[in-house]
Amino acid sequence: MSRLDETLGTVGSDNLIHAVYPPAEVFSVQLKAGQGILERGALLATGEDGMELISATTTGKANAVLAEAVDTNASENAIAYRTGHFNANSLIVANGYEITAEDKEALRVAGILLSDAVEY
């Protein structure tokens, strides 16, 4: 029997998903090997050797958001969101890169909407 004053677990929020429409639909993606650990919320773009973290070399090719952390040195398969409504300031991009209007349009065409969120 558990004690009433005992913490059994906690639920965190990463502020990634902004709204329930359009619904966040997942699918399997093939990632480019050797990118290291990519965290949940990484903005993915189509690269020559598979999906990769968006950067200056993949501007305008964004089309998915990583749904769970993955080590690309150990596995190239991952689960990502193909549609959904996400907080732009919670997405992870390459160091020094900023999401462009071209990226936002590519995401919109793919079924992904971005909004700004108030950070708490």
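**Close-up views of a predicted model**

**View 1. T59 sits in the loop between β5 (50-53) and β6 (62-66).** The model shown here and in the views below is predicted. T59 is partly exposed, with a relative accessibility of 24%. Its side chain reaches the backbone oxygen of A56 at 3.4 Å. Beyond its neighbours within four places in sequence, T59 touches Y97, T100, E102 and D103. L38 lies 21 residues from T59 in sequence and 18 Å away in space, C-alpha to C-alpha.

**View 2. The largest nonpolar core has 26 residues.** L31, L38, L44 and V65 have the most contacts inside this core. β4 (43-47), β5, β6 and β8 (77-87) each supply at least two of its residues. What does V65 contact, leaving aside its neighbours within four places in sequence? The partners of V65 are L16, G41, A42, L43, A80, Y81, F86, L91 and I112.

**View 3. S90 lies in the loop between β8 and α1 (101-110).** A polar atom of the S90 side chain is 2.8 Å from the backbone oxygen of N15. With neighbours within four places in sequence set aside, S90 is in contact with D14, N15, L16 and G41.

**View 4. R40 and D14 form a salt bridge, one of three in the structure.** Their closest N and O atoms are 2.4 Å apart. The pair links distant parts of the chain, 26 residues apart. R40 is in the loop between β3 (37-38) and β4, while D14 is in the segment before β1 (17-19). R40 is partly exposed, at 29% relative accessible area. D14 is also partly exposed, at 42%.

**View 5. R82 and E25 meet through their side chains in a salt bridge.** The N to O distance is 3.1 Å. This pair, too, links distant parts of the chain: R82 belongs to strand β8 and E25 to strand β2 (residues 25-30), 57 residues apart. Are these two residues buried or partly exposed? R82 has a relative accessible area of 35%, so it counts as partly exposed. E25 is partly exposed as well, at 40%.

View 6. Side chains of opposite charge can pair when their charged atoms come close. R108 is partly exposed, with 46% relative accessibility. E105 is partly exposed, with a relative accessible area of 38%.

Conventions: Residues numbered from 1 in each chain as written. Predicted model: local features only at pLDDT ≥ 70, side-chain atom pairs only at ≥ 80, totals over all residues. Heavy atoms only, no water. Helix = DSSP H or I, 4+ residues; strand = E, 2+ residues; numbered from the N terminus. Buried < 20%, exposed > 50% of the residue type's maximum accessible area, 1.4 Å probe, protein only. Contact = heavy atoms within 4.5 Å. Polar contact = N/O pair within 3.5 Å; in protein donor to acceptor, adjacent residues only side chain to side chain. Core = buried A, V, L, I, M, F, W, Y, C linked by side-chain atoms within 4.5 Å. Salt bridge = Lys/Arg side-chain N within 4 Å of Asp/Glu carboxyl O.
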